[in-house]
Amino acid sequence: MSIDHVFVAGAGLMGHGIAQVHAAVGKHVTLYEPDLARAVAGRDRIAGSLDRAVAKGRLAAADRDATLARLTPADSLDGAARADLVIEAVFEDEAVKAALWAALDAVAPAGAIFASNTSSISIDRLAAATSGARRPRFVGMHFFSPVPVMPLVELIRGAATDDATETAIRALSAELGKQVIVSADRPGFIVNRVLMPLLAEAMRAYEEGTGTADDIDTGAKVGLNHPMGPLELADFIGLDVCLGIMRVLHEGLGGPQFEPPQVLVDLVAGGHLGQKTGRGFHTYPR
Ligand code: CAA
């Protein structure tokens, strides 16, 4: 099937990046937030990213303008009525996501694919919020941050997802320049199951006083050749997001490696969510 119109629900760290990469390859994108100012802020963030690419000589000004012209911020779900694909990238809260999917199911065309960017929540449980007729076209399409840079899509098939939907998401991912891996619908899928124990262990080393945040991060960067240290990466992802994913992993799989460290619980309770609030394991701007 051809995907021309994409409705992206959520204009935060992931949603704005997902909207950007689709608009950049010629899709018409509606960027939805219930509050229009947040949808417009998402579009402005995309404009800033495209401006930096133009300034670096990586993008022609005309292509930036054309990409932005294909993006429509919206505070209503009506745009989903024209969508070939709906991507949901709202906060990792199962009840919030399920309510949104149920509302979108009532608006979107019967043939539209529904893709959740959830980083850990069961695709089958989210699909259950939609009608039985929709479920063959319900799939997980998990992007990585920063979306324009990270070339991976984790595709999660639910029990009802059909082959045509997987084929369409694979073709779209290729258009976006992303490589696909397929994960079973298990807690945290593949990447976060591997990543979160590393981040949690770095946090435990920090809370036990094994090293400073800077030394723990430098250890991973210089000693392991990671692009970011684990504490810096947790701050970048969002400490609330990391905590939510660790909880899903711990509840779903058990195992002490997934248990959220106390220091993470305390930082989130104190409103220190990482880069987005200016403080996490580090303070920002650094
Ligand atoms: N949007 C668009 N482009 C961006 C960007 C952004 N937010 N951030 C960086 N870039 C681009 C830069 O423009 C630059 O491009 P050019 O080389 O063409 O000029 C390139 O990326 C490298 O950027 P920088 O030189 O500024 O910085 P860097 O070399 O330190 O790289 C990084 C930055 C790509 C973010 C790198 O540090 C990195 O790969 N970090 C790890 C990121 C990671 O692990 N992401 C996955 C997180 S897990 C997740 O997202 C899923 C989940 O469910 C939690």
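This is a short tour of a predicted model, going from helix packing to the ligand and then to some backbone details.

**Stop 1: H1 and H2**

Start by selecting helix H1, residues 13-24, together with H2. The two helices pack at an angle of about 60°, and their axes are 9 Å apart. An angle of that size makes H1 oblique to H2. Their crossing is right-handed. To see the contact, show side chains on both helices: H1 contributes Leu 13, His 16, Ala 19 and Gln 20, while H2 contributes Gly 42, Arg 45, Ile 46, Ser 49 and Leu 50. Coloured by class, the contact of H1 with H2 has four nonpolar, four polar and one charged residues.

**Stop 2: H2 and H3**

The crossing of H2 and H3 is right-handed.

From H2, select Arg 43, Ile 46, Ala 47, Leu 50, Asp 51 and Val 54; from H3, select Ala 61, Arg 64, Thr 67 and Leu 68. These residues of H2 and H3 meet each other. By class, the contact of H2 with H3 has six nonpolar, one polar and three charged residues. Ile 46 and Leu 50 were also selected at the previous stop, where they take part in the contact with H1.

**Stop 3: the ligand**

- In the side chain of Arg 58, an N or O atom is 2.6 Å from an oxygen atom of the ligand.
- At Ser 145, a polar backbone atom is 2.7 Å from a nitrogen atom of the ligand.
- In the side chain of Asn 192, an N or O atom is 2.9 Å from an oxygen atom of the ligand.

**Stop 4: backbone details**

Most residues other than glycine have a negative phi, and most peptide bonds are trans. The next selections depart from that pattern.

Stay at Ser 145 and step to Pro 146: the peptide bond between them is cis, with omega near -5°. Pro 146 lies in the loop between strand S6 (138-142) and strand S7 (152-157).

Is the peptide bond from Tyr 284 to Pro 285 cis or trans? The bond is cis, with omega near 0°. Pro 285 is in the segment after helix H11 (262-269).

Then select Phe 189, which is not a glycine but has a positive phi of about 55°. Phe 189 sits in the loop between strand S8 (179-183) and helix H7 (191-207).

**Stop 5: H7 and H11**

End with H7 and H11, which pack at an angle of about 90° with their axes 8 Å apart. H7 and H11 are therefore roughly perpendicular to each other. On the H7 side, show Met 203, Tyr 206 and Glu 207; on the H11 side, show Gln 262, Val 263 and Leu 264, which they meet. Of the residues in the contact of H7 with H11, four are nonpolar, one is polar and one is charged.

Methods: Residues numbered from 1 in each chain as written. Predicted model: local features only at pLDDT ≥ 70, side-chain atom pairs only at ≥ 80, totals over all residues. Heavy atoms only, no water. Left-handed = near helix turned anticlockwise from the far one by under 90°. Helix = DSSP H or I, 4+ residues; strand = E, 2+ residues; numbered from the N terminus. Contact = heavy atoms within 4.5 Å. Nonpolar A, V, L, I, M, F, W, Y, C, P; charged D, E, K, R; others polar. Polar contact = N/O pair within 3.5 Å; in protein donor to acceptor, adjacent residues only side chain to side chain. Axes fitted to C-alpha atoms, helices over the stretch in contact; angles between N-to-C directions. Parallel < 35°, antiparallel > 145°, perpendicular 65-115°, else oblique.
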